[in-house]
Amino acid sequence: MLLLLVSTQGPDQGIGLGTWPEWISAIFTSFAFVVAAISYAFSVGVRREAQSRLVYSRVEDVTVHKKGDKFYLLQNDARKGDAAPGTVEHVAAGKPGERDMCRALKPVIHVTAVIHNGSEELIGPATIQLVDAGENRIWDDVSIEVETIDPKGDYVVNLVLPSESSSAIPSVESTVTFRDASGYRWRRHRSDPVERLRSAAGKQGPGPRQQSNDIQEKLKPQGAIQGLGLRLRRLLRKWRG
């Protein structure tokens with residue numbers, strides 16, 4: 001638009017006083033367009049993050065099994081399960097119609113966890129991992145990936161992990177990484193605010209090992225600046241609603 005205004009002048013003409021209103025109008029029009037574009041992009045981002053904040057994971061049950069105990073891998077309406085290497089062995093059903101079982105090769109904890117999708121959109125894939133909150137470490141040798149989770153739906157999983165004790169129940173929390181309906185990837189670590197993972201939309205996000213490394217960094221003691229940054233992010237998300 002500015003170029004058009006310049007081209008209307010003759011080769012021997014300067015910019016007269018009569019052309020300044022047009023220049024000012026063009027500048028304000030261009031500025032208004034830029035502001036509108038930024039506002040639109042921001043509102044889209046806010047809506048996308050608002051949807052992602054409705055997705056989280058939680059631990060619902062932790063059971064300790066001693067070495068030699070037999071138990072069913074899938075319990076508490078779990079649809080999928082996995083065990084850390086070297087923790088269990090398969091035990092075939094003894095009678096027709098019975099389910100196969102597992103036998104603990106060492107003290108283990110049997111965890112029931114839920115991925116909750118409170119949004120109106122289908123999400124997936126989603127990956128859940130578990131954290132020992134007491135020891136500030138993540139179990140990085142086992143995770144479960146779920147292909148899709150329905151809107152307003154839950155997906156229950158079971159995970160078997162090695163335990164340091166045959167009686168004590170550790171403080172177990174969860175981390176979930178997921179892709180939203182627009183193809184953007186997010187992660188919610190424990191009860192922290194949801195964070196956007198900077199992989200391109202539709203592209204494969206970080207695998208469980210990379211996620212474990214990232215989460216392990218989060219578990220390290222935070223300095224004053226990092227702690228202040230986390231509190232500010234939480235305050236901003238609360239202010240957005």
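Colleague: Which residue in E5 does Val 88 stand opposite?

Modeller: This is a predicted model, and the pair belongs to E4 and strand E5 (residues 101–104), which pair in the antiparallel sense. Val 88 lies in strand E4 (88–91). The residue opposite Val 88 in E5 is Ala 104.

Colleague: How many bridges do E4 and E5 pair over?

Modeller: Strands of a sheet pair through backbone hydrogen bonds, either parallel or antiparallel. For E4 and E5 the sense is antiparallel, and the number of bridges is four.

Colleague: What is the strand order of the open sheet of three strands?

Modeller: The pairing in this sheet is antiparallel. Strand E2 (70–71) and strand E4 (88–91) each pair on one side only, which puts them at the edges. With E5 between them, the order is E2-E5-E4.

Colleague: And in the open sheet of four strands, what is the order?

Modeller: Here the pairing is mixed. The edge strands are strand E1 (55–65) and strand E3 (80–83), each with pairing on one side only. From one strand to the next, the twist averages 20°. The order reads E1-E6-E10-E3.

Colleague: Which residue in E10 is the bridge partner of Ala 83?

Modeller: E3 and strand E10 (residues 153–162) run parallel and are joined by four bridges. Ala 83 falls in strand E3 (80–83). Its bridge partner in E10 is Val 160.

Colleague: Is Asn 76 buried, partly exposed or exposed?

Modeller: Asn 76 sits in the loop between E2 and E3, and has a positive phi of about 55° although it is not a glycine. Its relative accessible area is 44%. Buried means under 20% and exposed means over 50%, so Asn 76 is partly exposed.

Colleague: Lys 152 also has a positive phi; is Lys 152 buried or exposed?

Modeller: The phi of Lys 152 is near 55°, in a residue other than glycine. Lys 152 is in the loop between strand E9 (144–146) and E10. Its relative accessibility is 53%, and the cut-off for exposed is over 50%, so Lys 152 counts as exposed.

Colleague: Where is the cis peptide bond to Pro 125 placed among the strands?

Modeller: The bond runs from Gly 124 to Pro 125, and its omega is near 0°. Pro 125 belongs to the loop between strand E6 (108–117) and strand E7 (126–132).

Colleague: Which element gives the most to the lining of the second largest pocket?

Modeller: That pocket has a volume of about 180 Å³. Of the 12 residues that line it, the closest to its centre are Gln 51, Glu 121, Asp 180, Ala 181 and Ser 182. By class, the lining has four nonpolar, four polar and four charged residues. With three residues, the element that gives the most is helix H2 (residues 20–52).

Colleague: For the protein as a whole, what share of the contacts with a separation of 6 or more is between residues 24 or more positions apart?

Modeller: The protein has four helices and 13 strands. Of its 241 residues, 35% are buried. Among contacts with a separation of 6 or more, the share from residues 24 or more positions apart is 69%.

Notes:
Residues numbered from 1 in each chain as written. Predicted model: local features only at pLDDT ≥ 70, side-chain atom pairs only at ≥ 80, totals over all residues. Heavy atoms only, no water. 1 Å grid on protein atoms, 1.4 Å probe; cavity = no way out; pocket = protein on both sides within 12 Å on 5 of 7 lines; lining within 4 Å. Points joined across faces, edges and corners; volume = space filled by probe spheres on them. Helix = DSSP H or I, 4+ residues; strand = E, 2+ residues; numbered from the N terminus. Nonpolar A, V, L, I, M, F, W, Y, C, P; charged D, E, K, R; others polar. Pairing = 2+ DSSP bridges. Axes fitted to C-alpha atoms, helices over the stretch in contact; angles between N-to-C directions. Buried < 20%, exposed > 50% of the residue type's maximum accessible area, 1.4 Å probe, protein only. Contact = heavy atoms within 4.5 Å.
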